[in-house]
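Subject: Structure for you to look at

Hello,

Here is the structure I said I would pass on. Please open it first, and then read the notes below it.

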Amino acid sequence: MTVNPYLPMEAEVVERIQETPTIVTLRLRLTDADARHRFYCAPGQFNMLYLYGVGEVPISIKSGPQGFLDQTLLLDHTIRAVGRVTRALVRLQPGDRLGLRGPYGQGWPMQRARGQDLHIITGGLGCAPAVSVVHDLMRQREYYGHISVVQGVKHADDLIWREQYEHWSEQPDTQVLLAADQADSRWQWHTGMVTGLLDKLKLQPERSIAFLCGPEPMMRASAERLIELGLDADRIWLSMERNMQCAVGHCGHCQFGAAFICRDGPVFNYPRVRDLLGTRGF
């Protein structure tokens, strides 16, 4: 989309949604009408959000135009305040302006998933790249088989978008499983690790594909458990995170083995990264 990959486009905050005390969703609109109508993204891609005098960070696109014919024209980014730039981003209010570059990266293999059962397994705020997938699935529900959405959080209060999960659970042939490592008296779902839910999947290995995102230990444990349950490793895809600064494979900060996550990922087939997960220096 970006003609000059180093030059941000201007975007305006249309809506600010306080998800939790430290998590905010910014709903953005490109201020240039032509750029708005030319922008489209694939599920799993990310944008670089820029604040003058503060810095720039990569943020997954939670929802946005999914193709030339999608006239949503709004871009949702869910941000946790953890560093200098993200703390400044979550303070933005409707009407504020910021820079946006993107979309970047290789998204989820949606064409390969067509006609398949799809199991989406996520942990923490890592669910943002997966939410874009589920939105796409629900728009084109007839092209996919059974859908499982499995989400794990550390604390029960960390679960955001509860209404979305409830809505998805009501859709035909759709299974939603939720887990919290630490529950409270209001928690009505599984207590424990998200991997403890995988045995409950309606898994037909010969016709299934799995998309994983979240902390690397969770993804590795989930992938290995899926393999034990009969799913081929090449049917598992992971969304990786690293310190991405240029988004075009030049700076080297996100090098992952021989690949660059910003350019060759963030979505990778599991066999390609299996031996790198947990390896010091990668």
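Strands S7 and S8 run parallel to each other and are paired over six bridges. Two strands count as paired if DSSP finds at least two bridges between them. Helices (H or I, at least four residues) and strands (E, at least two) are DSSP runs, numbered from the N terminus. In this pair, Thr122 faces Gln151 of S8.

Before going on: this is a predicted model, in which local features need pLDDT of at least 70 and side-chain atom pairs count only at pLDDT 80 or more, while totals for chains, interfaces and linings use all residues. Residues are numbered from 1 along each chain as its sequence is written, and side-chain values use heavy atoms, with hydrogens and water left out.

S8 is also joined to S9, by eight bridges, and these two strands run parallel. Val153 has Ala180 in S9 as its bridge partner. Between S8 and S9 the chain passes through helix H5 (residues 162-169), a right-handed β-α-β crossover. Right-handed means that, with the strands pointing away from the viewer, the path from the first strand over the helix to the second runs clockwise.

The whole sheet is open and has seven strands in the order S10-S9-S8-S7-S11-S12-S15, with mixed pairing. At its edges are S10 (190-191) and S15 (267-269), each of which pairs on one side only. S12 (residues 236-239) pairs with S15 in the antiparallel sense, over three bridges, and there Ser239 is opposite Val267.

**Helices on this sheet**

Helix H4 (residues 128-139) packs on the sheet and touches S7 (117-123), S8 (147-155), S9 (174-182), S11 (208-213) and S12. Contact means heavy atoms within 4.5 Å. The direction of H4 makes about 150° with that of S7; axes are lines fitted to C-alpha atoms, for helices over the stretch in contact, and angles run from 0 to 180 degrees between N-to-C directions. Helix H6 (residues 216-228) packs on the sheet too, touching S7, S11 and S12, at about 165° to S11.

Is H4 mostly covered or mostly uncovered? Ten of its twelve residues are buried, so H4 is mostly covered; buried means under 20% relative accessible area, exposed over 50%, and partly exposed in between (1.4 Å probe, protein chains only). Among the buried residues of H4 are Pro129, Val133 and Leu137. S8 is mostly covered as well, with seven of its nine residues buried.

**Cores**

A nonpolar core is a set of buried Ala, Val, Leu, Ile, Met, Phe, Trp, Tyr and Cys residues joined through side-chain atoms within 4.5 Å. The largest one has 38 residues, and Ile121, Leu212, Leu226, Ile236 and Leu238 have the most contacts inside it. H6 gives the most to this core, four residues. Leaving aside neighbours within four places in sequence, Leu226 touches Ile121, Leu198, Leu201, Ala210, Leu212, Leu231 and Ile236. Another core, of 32 residues, lies apart from it and includes Ala130, Ile160, Leu178 and Phe211.

**The six-stranded sheet**

A further open sheet has six strands in the order S4-S3-S6-S1-S2-S5, with antiparallel pairing. S4 (55-60) and S5 (75-80) each have a single partner strand, so one side of each has no neighbour in the sheet. From one strand to the next the twist averages 40°. S1 (residues 9-20) and S2 (residues 23-30) are antiparallel and pair over eight bridges, with Arg16 opposite Leu26 in S2.

Regards
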